[in-house]
Amino acid sequence: MPLPRGADLRRRAALSRHHPGTGRVRDSLCAHPRHARGHPQRGRSQRALAAGAPRPARGRRRRGVAGAWRRRRPARSVHRPARPPHRSPHQPPRDRAAPGRVATDPDGDPGLGRGAQGPRHRGRAAGPAGLRADHGRGRRRRGAGARQGRRGMTLALGIDLGTSGVKSVLVDERDHVVAEAAAPIPMSRPRPLWCEQEPQDWWSATAATLDALHAAAPRAMAGVGAIGLSGQMLGVTCLDAAGQPLRPAILWNDGRAEAECAAVEAAAPDFAGLVGCRAMVGFPAPKLLWLARHEPAALDQSRHILLPKDYLRLRLTGEVASDLADASATLLMDTRAGTWSADLLAACGLRPEQMPALLASHAISGVVLPELAARWGLPPGTPVVGGAGDNMCGGVGAGIVAAGLASISLGTSGVYFLANDAFLPARGGGMHTHRHAVEGLFAQNGCILSAGAALEWVAQLVGAEDAGRLVAQVEAAGLPVTETPVFTPYLAGERTPHDDAGLTGAFSGLTARTTRLHLAQAVLEGVALALADCHAALASTGAAIHRASLVGGGAKSRLWSTLVASAVNMPLGRSNTAAVGPALGAARLARLGVGGPLLAEADHTEDWILPDGGIAEALAAKRARFARHLALR
Ligand SMILES: Nc1ncnc2c1ncn2[C@@H]1O[C@H](COP(=O)(O)OP(=O)(O)O)[C@@H](O)[C@H]1O
Ligand SMILES: O=C(CO)[C@@H](O)[C@H](O)COP(=O)(O)O
């Protein structure tokens, strides 16, 4: 059972004495990513920087001068269910924890080998195999984890519930990832257009990563000052009063609710102006109306409707809450006001009490349950902050914390995310505007539904051992873009710019010389072309994109990164933490929540991926054929 709140706070007070903060103070302008060495716009006007500098970060930095990360009280408005949830009724009675893979600073925690590996999941490598835990700083950072343990320095733990798996990272006060672990999550497509996951699998995978981190880096876990949550967005999770899932979660790439979109939009006179975009398939509001129409009992019995990472919060802390950023994409909120809309809830058959309390992304939502803190060697009463959707957290992880900065995510989905200091609702083109995790900022988004998902699909199709190895073979082959087929990645319909759940994927230009590697490269190119469509949709709104960075698992590939840079014709920053960007962003929000700086280090960018003239020309030549595939639906 959850510890009584008063006891939690007493433990937390004790903790704050034992873990004095070490927040660093940096000049806010110098910390801006555009000032990074090698940045293409370095030295340009400072006005946008001054205007766009994130307010919370400045505030925290000032507090950091006092030398300690402040501890904050958990939000009062959060709700606790009758008892902590333990297992989904959809699961077999065994613990389905997928063993996590872990990578740590090789010298960080003595006595533990690096890269303890769990078994493969469905024949694919689990998690970000091959990522070095210290991201290439092993020699310079020798012994860092051990020192942290001795000095009691404060680390932040970021947990990212991606669609393909959970990634958890331990981040030190200089923003270095000292250990990370990953565990896969299965996905189910039980009917055409449907896409679901079991909340219990989210929790099992999360627990597996934290077990792995605890086993590999116990001292670092003992130094954790706060936890942040990032998660795949838009998932609908229906829970009973005890926190038990009533059905599998309906994911962001589920296309069942097309018929419900018009009815949802009709519920507000200026729907897009209120929520930030048109009602589109895959978003929570139409999916909830679908449940009201097709599974009314499940909706009626739901005591709580949660987003994916908020289910993790419930399991971690026993608290029911969400953050304003992730919740702003439900299409059930007055996005500017930051409140649930009574009209939209009613239109979807929802009762206001079914919705969680809303918090800022850096606000403390609760503390880790005592038995879990003991299991993972976390300090008793470790606070968990609001966190945000994975795209907002990916943005924070990539330093996208001022207007005009963008990130492009190559995860299961592909997302173009542009931070803005104005709320600019999207009125078409499959675009969507939400709140950013950084207070005062919003973000314009374009999203393609199958980026890594398309790569995974072709890897399975051609019998590759795993997607990463297939990409390595493609890179080694060096095939000219002029010789590969054209591929449209509409395997689950498409959101931006088409907003059409009925679109299908296609290859064209196959010849007797086409090999499995040609097909695989065509998929990478097709994703790049689809992201170029997002870029064009964003540009058509008049958006000024000063700089863009890559995040997500696909960013591990130089070829894929170059294809994307060439398709959008922009240099793209790529950091050593790109593949765990959302988890890093969640950790940064956690640190902010306990009085540390948002960005402790100016920039992680290791290299700039430049557009390649030849590739850009070949992709441009393929664009007309790519567009013609739309007629093949
Ligand atoms: N070495 C690699 N090169 C290119 N893509 C990769 C590589 N390794 C993994 N991926 C892709 O990265 C995707 C996972 O990225 P990730 O950001 O973790 O996604 P999510 O957050 O949706 O779980 C997978 O779909 C996989 O196809
Ligand atoms: O629907 C969206 C954003 O609107 C997706 O981007 C999900 O948030 C899934 O993210 P990944 O698992 O692909 O990172």
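Helix α18 (residues 516-539) and helix α19 (residues 558-568) pack at an angle of about 35°, and their axes lie 8 Å apart. This is a predicted model, in which local features need pLDDT of at least 70, side-chain atom pairs count only at pLDDT 80 or more, and totals for chains, interfaces and linings use all residues. Residues are numbered from 1 along each chain as its sequence is written, ligands are numbered from 1 in the order in which they are written, and side-chain values use heavy atoms, with hydrogens and water left out.

**The helix pair**

- Helices here are DSSP runs (H or I, at least four residues) and strands are runs of E (at least two), numbered from the N terminus.
- Axes are lines fitted to C-alpha atoms, for helices over the stretch in contact, and angles run from 0 to 180 degrees between N-to-C directions.
- The two helices, α18 and α19, meet through contacts (heavy atoms within 4.5 Å); on the α18 side these involve residues including Leu524, Val527, Leu531 and His535, and on the α19 side residues including Trp560, Leu563 and Ala567.
- Sorted by class, this contact holds 12 nonpolar, 2 polar and 1 charged residues; Ala, Val, Leu, Ile, Met, Phe, Trp, Tyr, Cys and Pro count as nonpolar, Asp, Glu, Lys and Arg as charged, and the others, Gly among them, as polar.

**Around ligand 1**

- Ligand 1 is surrounded by 20 residues, with Ser164, Lys167, Thr412, Glu456 and Gly553 the closest; a residue counts if one of its heavy atoms lies within 4 Å.
- By class, that shell has 5 nonpolar, 12 polar and 3 charged residues.
- Among the polar contacts (pairs of N or O atoms within 3.5 Å), a polar side-chain atom of Ser164 sits 2.5 Å from an oxygen atom of ligand 1, and one of Lys556 sits 3.4 Å from a nitrogen atom of ligand 1.
- The protein covers 86% of the 580 Å² of accessible area that ligand 1 has on its own, with areas from the Shrake-Rupley method and a 1.4 Å probe.
- Two or more residues of this shell come from each of β3 (165-171), α16 (452-461) and α17 (467-477).

**Around ligand 2**

- Thr163, Met233, Asp390, Ser413 and Arg495 come nearest among the 13 residues around ligand 2.
- The shell around ligand 2 divides into 4 nonpolar, 7 polar and 2 charged residues.
- Oxygen atoms of ligand 2 lie 2.9 Å from a polar side-chain atom of Arg495 and 3.0 Å from one of Asn391.
- Of the 370 Å² of accessible area that ligand 2 has on its own, the protein covers 95%.

Notes: A polar contact is a pair of N or O atoms within 3.5 Å; within protein, one must be able to donate a hydrogen and the other to accept it, and residues adjacent in sequence count only if both atoms are side-chain atoms.
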